[in-house]
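Me: Got a model here that I'd like to go through with you before I set anything up. Can you walk me through it?

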Amino acid sequence: MALHRDIFWVGRQWAVTGAGIQAVDQRLRGVLDIEIVRLWDDDLVQSRRAKPGVNAADFDKALTIARERFPQTPDPIIVQLAALGVVEAPVVSPALPAMQLRVEGRLARFLPQWRVRR
C-alpha cells in the first residue's frame, strides 16, 4: 500500500501519516502498518515491534509521535449509543456535543434529511 498523502513524520523505516503508522518500505505492501484506531492496542504494537528486521528505536519514535498526533478517542459507535441512551458511558470530552436524535411520534417523511459527504 502506498504511503498516505498526509505525511507528518518520516523516519528511517517508519512514517506517521494520515492513516497511522506506515512502513516506508513499500515492498511490504502494508503488512506492518498500524491504523489510527489501533494505535492504542498494545498487543498489536508489541507484535509489530517483535517482527524481525524492525528498527525498534525508529518504531518507538513513530509510535510516540503518532499517539501525540492522534490521541485516544472512544469508539464512535459507543459514543452514539450513549447519546441515544442505549448504553450508559461516561462522557470523555465535554467539548464534543452529544448527538441527540428525537424522532418519537413524528412521521419520517417530515423529518429533515441529512447525508454524509465523502
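Me: Which elements have the lowest and the highest mean pLDDT?
Reply: Helix 3 (residues 76-84) has the lowest, at 72, and helix 2 the highest, at 92. pLDDT is the predictor's confidence in each residue, from 0 to 100. Helices here are DSSP runs of H or I with at least four residues, strands are E runs of at least two, and both are numbered from the N terminus.

Me: And the protein's average?
Reply: The average pLDDT is 78, with 69% of the residues scoring at least 70. Where pLDDT is low, the predicted coordinates should not be read in detail.

Me: OK, core next. How many residues are in the largest nonpolar one?
Reply: 16, and those with the most contacts inside it include Trp 14, Ile 34, Leu 39 and Phe 59. Such a core is a set of buried Ala, Val, Leu, Ile, Met, Phe, Trp, Tyr and Cys residues joined through side-chain atoms within 4.5 Å. Buried means under 20% relative accessible area, exposed over 50%, and partly exposed in between (1.4 Å probe, protein chains only).

Me: Which elements give it two or more residues?
Reply: Strand 2 (14-17), strand 3 (20-23), helix 1 and helix 2. Helix 2 gives the most, with 4 residues.

Me: What does Leu 39 touch?
Reply: Leaving out residues up to four places away in sequence, Leu 39 touches Ile 21, Ile 34, Val 45, Leu 63, Ala 66, Arg 67 and Phe 70. Contact means heavy atoms within 4.5 Å.

Me: Switching to charges: how many salt bridges?
Reply: The whole structure has 3, counting a side-chain nitrogen of Lys or Arg within 4 Å of a carboxyl oxygen of Asp or Glu. Arg 67 pairs with Asp 42, closest N and O atoms 3.2 Å apart. Since Arg 67 lies in helix 2 and Asp 42 in helix 1, that pair ties together parts 25 residues apart in sequence.

Me: What about Asp 60?
Reply: Asp 60 bridges to Arg 49, at 2.5 Å between the closest N and O atoms. Asp 60 is in helix 2 and Arg 49 in helix 1, so this pair ties together parts 11 residues apart in sequence.

Me: And Arg 38?
Reply: Arg 38 forms a salt bridge with Asp 41, closest N and O atoms 3.4 Å apart. Arg 38 has 36% relative accessibility, so it counts as partly exposed.

Me: How many aromatic pairs?
Reply: There are 2. Rings of Phe, Tyr and Trp (its six-membered ring) pair if their centres lie within 6.5 Å; planes under 30 degrees apart are stacked, over 60 edge-to-face, the rest tilted. Phe 8 and Phe 70 have ring centres 6.0 Å apart and planes at 70 degrees, so they're edge-to-face. Phe 8 sits in strand 1 (residues 7-10) and Phe 70 in the loop between helix 2 and helix 3, 62 residues apart.

Me: Is Phe 70 buried or exposed?
Reply: Phe 70 counts as buried because its relative accessibility is 15%. Trp 14 and Phe 59 also form an aromatic pair, edge-to-face, at 5.1 Å centre to centre and 70 degrees between the planes.

Definitions and conventions:
Residues numbered from 1 in each chain as written. Predicted model: local features only at pLDDT ≥ 70, side-chain atom pairs only at ≥ 80, totals over all residues. Heavy atoms only, no water.
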